[in-house]
Every structure is written in C-alpha cells, then in structure tokens.
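Open the structure in your viewer and keep the selection panel at hand. The stops below go one at a time.

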Amino acid sequence: MEVVQVLHMNGGVGETSYANNSFVQQKVITMTKPITEDAITKLYCSTYPEEIAIADLGCSSGPNTFFVVSELIKVVDSARRKISQKSPEYQVFLNDLPGNDFNTIFRSLSIFRNKLREQLGPGIGPCFFTGVPGSFYGRLFRKNSLHFVHSSYSLQWLSQVPQGLESNKGNIYMASTSPPNVLKAYYEQFQQDFSLFLKCRSEELVDGGRMVLTFLGRRTDDPSSKECCYIWELLAMALNDMVLEV
C-alpha cells in the first residue's frame with residue numbers, strides 16, 4: 001500500500017490526538033514567525049493584490065492549522081490599514097494527505113472566522129477555505145494560482161520508502177548501524193522528492209510569489225547522528241525487544 005494512502009497524524013481532539021500533542025511544531029511556527037511575516041508583507045506591498053491565495057501544505061489538524069493562517073491574514077491586514085487600502089479577499093487552501101482529519105478542521109472553521117472578525121473588525125475581506133487532499137510531491141493547484149505557500153514540519157516526510165533497504169536489518173530508519181547504501185538511498189529519495197516539490201510549486205506560484213518552508217535539518221555531516229535520527233533508533237530497539245519477548 002502506498003504511503004500517501006496510510007500516512008496521517010492522529011485525528012480528533014482526544015488525549016492522544018495530534019491536535020493536543022503538537023506543541024513542538026507550534027513552537028517552530030512561532031520561531032519562524034518573523035520570517036513568515038516579512039515574506040507576506042513584501043508580497044502584499046509589492047503589488048497590493050485584490051485577492052491573495054495562500055496554501056498551507058501539510059496542514060494536519062488542530063490549533064496549528066489556523067494559527068498559521070490567522071497570523072498571515074493579520075499581517076496583511078495591518079499593512080493595508082497603514083495605507084488605508086481596502087482589504088483583499090483571501091483564498092486559503094489547506095492541504096494534507098487524504099487520511100488527514102479534515103472533518104475536525106472544518107467543524108471548527110466558523111469559530112475561527114468569528115474570532116478573526118472580532119480581532120480585526122468588520123473591514124476584513126472575506127476568507128474562503130478549501131481542503132485539498134493529496135501529496136504535495138505532485139501538482140495540486142492551477143498554474144499561477146498561488147501567492148503564498150507555507151509548509152512547516154512536513155517536508156522531512158518522504159513520498160515513499162526508498163528502494164534497496166533490505167540490508168538495513170534491525171532498523172526502521174537511518175541508524176548508526178545502517179550500511180552506506182542505505183544512507184545513499186535515503187539521500188537520493190529526498191533529493192528526488194524535494195526537487196519535484198520545488199518544480200510543482202514553481203508552476204503554481206504567481207510571478208513574485210513567496211514560499212516559507214520549515215523542516216528538520218542537522219548540523220553534522222553524519223546522516224545517522226543523534227541530532228535527527230536517534231529517536232527512530234530507540235524505537236527500533238524497543239520493537240526488536242518486543243519481538244524477542246513473543
């Protein structure tokens with residue numbers, strides 16, 4: 001079965017849901033807020049468009065989904081008020097894989113809209129929301145249809161399991177015991193996926209459009225370093241121990 005059909009964050013709003021266990025991701029969004037604000041401000045002030053199309057790729061569900069969108073709209077609204085400009089209309093595309101909990105997102109949409117109107121007042125332009133299920137490692141939107149693309153903590157997920165991992169015995173990801181060909185397989189898969197992602201977005205963005213992409217990295221040349229992979233190595237060890245107990 002393809003990854004796109006089975007991979008998703010834990011839905012709902014329960015104790016184990018992604019919505020209630022995504023504080024690290026929220027912190028990262030907050031840390032990159034100055035970069036995002038600068039990008040959307042420069043976009044708006046360069047042409048003062050009457051409508052702005054925003055895509056959040058890998059939106060998941062929960063408070064982080066609307067947190068990003070609300071901050072972008074607030075920045076644009078602040079910029080347009082300074083020059084007494086009429087508010088643009090907003091088209092927001094929320095993208096994730098088909099298994100994502102879009103139901104929870106859209107059930108809370110009216111609450112989000114009401115809160116945004118209370119914060120920004122009656123002058124804000126209409127906001128239209130569309131759910132876009134599908135992999136961002138492919139075309140999702142019409143050519144020249146997006147002004148701003150945001151993605152946080154999503155691009156480290158590959159489109160598929162790399163080929164040639166048979167020799168990676170006892171591991172579920174890159175690890176200190178992984179042979180060189182396994183490390184190379186992951187590198188080539190990421191290179192292929194990220195190149196395709198950029199190609200697709202280059203076709204979908206308007207001239208002068210902006211993107212802010214945040215994903216995991218490392219400071220060392222070792223792809224199996226504890227900076228980014230150790231949690232998966234520990235999980236593999238735990239699973240191996242469980243198998244031995246059976």
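Is R139 buried, partly exposed or exposed? This is a predicted model. Select R139: its relative accessibility is 37%, so it counts as partly exposed.

**Stop 1: the salt bridge at R139**

R139 and E203 form a salt bridge, with the closest N and O atoms 2.8 Å apart. R139 sits in the loop between β3 and β4 and E203 in helix α7, so the pair ties together parts 64 residues apart in sequence. E203 has 23% relative accessibility, so it counts as partly exposed.

The side chains of K199 and E203 meet in a salt bridge, 3.0 Å from N to O. Both K199 and E203 lie in helix α7, 4 residues apart, about one turn of the helix. K199 is partly exposed, at a relative accessible area of 48%.

E188 is partly exposed, with a relative accessible area of 39%. The salt bridge count comes to 11.

**Stop 2: the whole chain**

Zoom out and colour by secondary structure. The chain has 8 helices and 5 strands. From the N terminus, the order is α-α-α-β-α-β-α-α-β-β-α-β-α. Of its 246 residues, 44% count as buried. Among contacts with a separation of 6 or more, 78% come from residues 24 or more positions apart. The accessible surface is about 13900 Å², and carbon and sulfur atoms hold 56% of that.

**Stop 3: the cores**

Select I73, F129 and F148. They have the most contacts inside the largest nonpolar core, which has 30 residues. Show the elements that give two or more residues to this core: α3 (33–47), β1 (51–57), α4 (63–82), β2 (89–96), α5 (102–107), α6 (109–120) and β3 (127–133). Of these, α4 gives the most, with 8 residues.

Centre on I73. Beyond its neighbours within four places in sequence, I73 is in contact with Y90, L116, L120, I124 and C127. Another core lies apart from the largest one; its 14 residues include A53, Y137, F141 and L155.

**Stop 4: N168**

Go to N168, in the loop between β4 and α7. Buried or exposed? N168 has 6% relative accessibility, so it counts as buried. Its side chain reaches the backbone oxygen of Y173 at 3.1 Å. Leaving out residues up to four places away in sequence, N168 touches Y173, S178, P179 and V182.

**Stop 5: the nonpolar patch**

Select W157, I172, I231, W232, L235, L239 and M242. These form a nonpolar surface patch, with about 670 Å² of accessible area together.

Pick out W157, in the loop between β4 (146–152) and α7 (180–204). Its relative accessibility is 36%, so W157 counts as partly exposed. Then take L235, in helix α8 (residues 230–245). L235 is partly exposed as well, with a relative accessible area of 37%.

Key:
Residues are numbered from 1 along each chain as its sequence is written. This is a predicted model: local features need pLDDT of at least 70, side-chain atom pairs count only at pLDDT 80 or more; totals for chains, interfaces and linings use all residues. Side-chain values use heavy atoms; hydrogens and water are left out. Patches are made of residues with over 30% relative accessible area and no salt bridge: like charges are joined within 9 Å, nonpolar side chains (Val, Leu, Ile, Met, Phe, Trp, Tyr) within 5 Å. Accessible areas come from the Shrake-Rupley method with a 1.4 Å probe; for residues, only the protein chains shown count as cover. A salt bridge is a side-chain nitrogen of Lys or Arg within 4 Å of a carboxyl oxygen of Asp or Glu. Buried means under 20% relative accessible area, exposed over 50%, partly exposed in between (1.4 Å probe, protein chains only). A nonpolar core is a set of buried Ala, Val, Leu, Ile, Met, Phe, Trp, Tyr and Cys residues joined through side-chain atoms within 4.5 Å. Contact means heavy atoms within 4.5 Å. A polar contact is a pair of N or O atoms within 3.5 Å; within protein, one must be able to donate a hydrogen and the other to accept it, and residues adjacent in sequence count only if both atoms are side-chain atoms.
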